[in-house]
Amino acid sequence: MENNKIKKVVAVVLNGEKYYDEIVGDIIVGVDGGADKVNKIHLFVGDKDSVKKDIQGVEQILLNVDKDETDGEIAVKYLIENGYSKINFYGVNGGRLDHILANLSIMAQCVEAGIQVTAYCNDCDIYMTNKNLDINIKKNSIVSLSPFTDKVHIISLEGVRWQLNNEYIYKNLTRTLSNIATDNKIRLCVDFGIVMLIVNK
């Protein structure tokens with residue numbers, strides 16, 4: 001891979017839904033069957049049990065079929081170890097529920113490692129964080145906060161109809177679903193815990 005990695009935005013394309021908008025990244029990683037869902041990749045990671053195209057002319061990390069981690073988790077661990085600081089995920093949604101949950105867990109590993117992560121899906125965007133987050137958004141969009149860890153301390157949530165200030169939210173409660181953006185920008189400040197801010201399209 002390239003030098004000056006920390007400034008590169010990596011697009012990780014998983015084998016979920018095919019994303020119909022632009023895939024954004026300086027480096028595009030095709031994770032097994034995810035490589036079929038993008039025109040160009042710079043790195044292939046997988047055991048080739050689901051990819052259909054012939055992978056040639058790019059760097060490859062080939063894996064055994066029998067292993068204790070998913071291809072996506074191994075790809076992300078490689079990116080963490082090599083110092084990348086921002087990852088855009090595609091193909092997180094779609095397909096088997098257990099795969100979707102595993103993909104969200106992989107994103108959480110990135111957050112714990114200090115990496116900025118967003119999952120771009122056809123019906124929503126998922127921002128996952130354990131610190132401060134500022135995003136531009138269309139006014140009147142439906143947004144939800146969904147704790148990934150059991151408990152999250154929210155310092156503040158601004159730019160929505162029902163704002164939060166110094167409150168705890170919990171994974172097993174639904175209070176913070178279906179909020180409405182009242183501005184073109186949302187600011188979220190988190191003290192501890194990992195939370196998903198989901199913007200529905």
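In this predicted model, helix H1, spanning residues 71–81, packs with helix H2, spanning residues 97–112, at an angle of about 15°, and the two axes lie 10 Å apart. Since angles under 35 degrees count as roughly parallel, H1 and H2 are therefore roughly parallel to each other. The handedness of their crossing is also defined: H1 and H2 cross in the right-handed sense.

It is worth looking at the residues that bring these helices together. On the H1 side, the contact is made by Gly72, Glu73, Val76, Lys77 and Ile80, which meet Ile106, Gln109 and Cys110 of H2. Sorted by class, the contact of H1 with H2 comprises 4 nonpolar, 2 polar and 2 charged residues.

Attention now turns to the strands. An open sheet is built from 4 strands, arranged in the order S8-S13-S10-S11, with antiparallel pairing. The edges of this sheet are taken by strand S8 (133–136) and strand S11 (164–170); each has a single partner strand, so one side of each is left without a neighbour in the sheet. From one strand to the next, the twist averages 25°.

Key:
Residues are numbered from 1 along each chain as its sequence is written. This is a predicted model: local features need pLDDT of at least 70, side-chain atom pairs count only at pLDDT 80 or more; totals for chains, interfaces and linings use all residues. Side-chain values use heavy atoms; hydrogens and water are left out. Axes are lines fitted to C-alpha atoms, for helices over the stretch in contact, and angles run from 0 to 180 degrees between N-to-C directions. Helices (H or I, at least four residues) and strands (E, at least two) are DSSP runs, numbered from the N terminus. Angles under 35 degrees count as roughly parallel, over 145 as roughly antiparallel, 65 to 115 as roughly perpendicular and the rest as oblique. A crossing is left-handed if the near helix is turned anticlockwise from the far one by less than a right angle, and right-handed if clockwise. Contact means heavy atoms within 4.5 Å. Ala, Val, Leu, Ile, Met, Phe, Trp, Tyr, Cys and Pro count as nonpolar, Asp, Glu, Lys and Arg as charged, and the others, Gly among them, as polar. Two strands pair if DSSP finds at least two bridges between them.
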